[in-house]
Amino acid sequence: MLLHSPLVMWCSAAVDILFLMDGSHSVGKGSFERSKHFAITVCDALDINPRKVSLSLIVFVLGCLAASDRKPILKGGCCLRFSFQLHPWISGTFFLFFFLLGELRGGRTETSLALKYLLHKGFPGGRNASVPQILIIVTDGRSQGHVALPAKQLKQRGVTVWVSVGRRAIVTSLLRPGLRWEELHSLASDPREQHVLMAEQVDDAANGLFSTLSSSAICTTASPDCKVQPHPCERKTLETIRERAGLAPCWRGSRGTDAVLPALCPFSRFGRVAKALPSLGGCARLLTGISLVGPCDSQPCQNGGTCVPEGPDRYNCLCPPAFGREANCALNLSLECRVDVLFLLAGSADATPEGFQRAKAFVKRFVRAALAGDSRARVGVALYGAELTVAVPVGEYQDVPDLVRSLDGLHFDGGATLTGRALQQVAERGFGSAPRTGLDRPQRAVVLMTEARSQDEVAGPAGFARARELLLLGVGSEDVRAELEMITGGAESVLTYTSPQDLFDQIPKLQGKLCSRPRPGCQAQSLDLAFMLDASVSVGPENFAQMQSFVRSCALRFDVNPDVTQIGLVVYGGRVQTAFGLDTHLSRAAVLRALSQAPYLGGVGSAGTALLHIYDKVMTVQGGARPGVPKAVVVVTGGSGVEDAAVPAQKLRDNGVSVLVVGVGPVLREALRRLAGPRDALIHVAAYADLSHHQDALIEWICREAKRPVNLCKPSPCMNEGTCVLRNGSYRCECQGGWEGPHCENR
């Protein structure tokens, strides 16, 4: 890594500089952190004062152009996530402090809309035309819209445009079609090879910028020993290769016999190698007499960690969750959390003897790694076929070698595969007859390992086990993934494998899941969500209060703010009432308070009338709905008054709004099925007191719907009978009758 720019370069001229930074999901957290450090590195070389450098920052994602500097047309739809102008009397140190607080918020890459905003509004805090303007775009290079025309218009106004593309975009450019080199060239000023900065290291990109500026009157070198030399630019990409890693024990046998034949089988590993690509042109580097080796050049962060330089010889590793507390993201499998783990191994005929042996080998490797040192975890093993056998009770063996020897004595028995029955029995007696309670009881987890589909029903017993506060995790082959997801409550609780080595590679992931229980939810997913509660006399005030408690628990799983999730509530009984709209409450705390204050109405309810109310008054731009954001309605009903609801529900679906029905008690099943629609989006709950047991299933459905493709014109964002027209990945409103404005909102 090169020497930090403030030691080799100083920019002290009247100039307006704007960072336009990509904050979309495609950038990724690691690249966003590097983008922040790039901006800070550049800032350190700027002479910020009233007569010299003026600095501002915009982070852009999905949305529309702002109608003013303060209030966008559509809440949550603005292309600016956060922006500010650095006042002349504030130093670059304040910029560093403020900017480091920024987090990646996500959304789609809308570089074109951000450029149009600048054409419309100009630089934030920009001075007169005599002051040069520099725009530095930091992006992964994949805009959803066309950028050539707005970029050309900006350059015609005298704006000098640099484009900085980091390591993530360079690596992915050849692995998937997305990064458009011609788009980057159309953004940048001439000469292109000096204004498109492609570098793996932050300082290389910053010094490429200063190298070009050094030929102007804006920046000068701070040391006589510093000079600019051409340097060949090397582009790299990562390629996945398969290589034979050696031999591993495997077992061969047949289902009809008890014979198991040990053998050595070849296995392969998939690795990644960096491949250098020919340069498309030269670049300039600032050279000094000091070593150019940086702290991240040796790639010190392991297991997928991201290295962020913090000086000439210091760095910080951004680690995946399973390695978050380890130096350099190093592997440490010792279970530091307090947890009781019961491995539930399938020993049925369909599981096969070799599958059973693989599961045993996995458990032995796990306990050797996870129970080392001062681990507070306790492990047990149970086998099942037609019946459950607790072969090693949880906590019976504290000595790891003794535990491993006990596992060697487990035998394959064959028989039927009754997974549902085994889950029921594990919940009842798998952890002993008198488990500790309250704060004295550790987390209890069941790790189900199987390669065979169950021959009995699993949803009910799995729900019973989760209701007993058991954490269910699944480890199995791809063939049983769907069943394991149904048992555990979501894909985030399932680990699958394709080979013995792949199975053993799941051990670190299992350790991470055991010590940080996954909570279903879509925290970073944009969503407009409306709950519709049956407040009729058939439900009663006590059951309505349990509905409220259920919805409050669900709301805790979402990041409620105008940029991510909006939540609204409609209640219906003798009349239909919007308790609060989608854009009424801007925080989760406010939503929770409002849910507690929702009125019980009584009277005879009509679910169809309530759904039409949501169609006309809630899921609209006027009601706070956002274009391009997934939309869902959750109906919680006791079943009375749903006979007229099928047609209004389908009307909502046809308009791009997903509808899920939660039916409680002895409901009218046929009427609810018609209401649930062709995709059978129905959850049946036996009693109001059992609503909480189905919360994970509801959250999983909502998050799955939030990831479905959306149509920007459904529901239509155009007001006053305007027509929405899709165009180049965006939309425009064709207004009628004298109305005008982006959404036909003005006469």
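This note covers the disulfides and some cysteines of a predicted model.

1. Start with the count. A search of the whole structure finds 3 disulfides. A disulfide is a covalent bond between the sulfur atoms of two cysteines.

2. Cysteine 713 and cysteine 724 form one of them, with an S to S distance of 1.9 Å. The pair links distant parts of the chain, 11 residues apart. Cysteine 713 sits in the loop between helix 22 (695-706) and strand 27 (723-727), and cysteine 724 in strand 27. The link is left-handed, with -70° about the S-S bond. Cysteine 713 has a relative accessible area of 14% and is buried. Cysteine 724 also counts as buried, at 17%.

3. Another disulfide joins cysteine 718 to cysteine 733, with the sulfur atoms 2.0 Å apart. Cysteine 718 lies in the loop between helix 22 and strand 27, while cysteine 733 is in strand 28 (residues 730-734), so the pair ties together parts that are 15 residues apart in sequence. This link is left-handed, at -90° about the S-S bond. Both cysteine 718 and cysteine 733 are buried.

4. Cysteine 735 and cysteine 744 are also joined, their sulfur atoms 2.1 Å apart. The bond is left-handed, with -90° about S-S. Cysteine 744 is buried, at 0%.

5. Two further cysteines deserve a look. Cysteine 43 is buried, with a relative accessible area of 2%. Cysteine 554 is buried too, at 0%.

Methods: Residues are numbered from 1 along each chain as its sequence is written. This is a predicted model: local features need pLDDT of at least 70, side-chain atom pairs count only at pLDDT 80 or more; totals for chains, interfaces and linings use all residues. Side-chain values use heavy atoms; hydrogens and water are left out. A disulfide is a pair of cysteine sulfur atoms within 2.5 Å. Helices (H or I, at least four residues) and strands (E, at least two) are DSSP runs, numbered from the N terminus. Buried means under 20% relative accessible area, exposed over 50%, partly exposed in between (1.4 Å probe, protein chains only).
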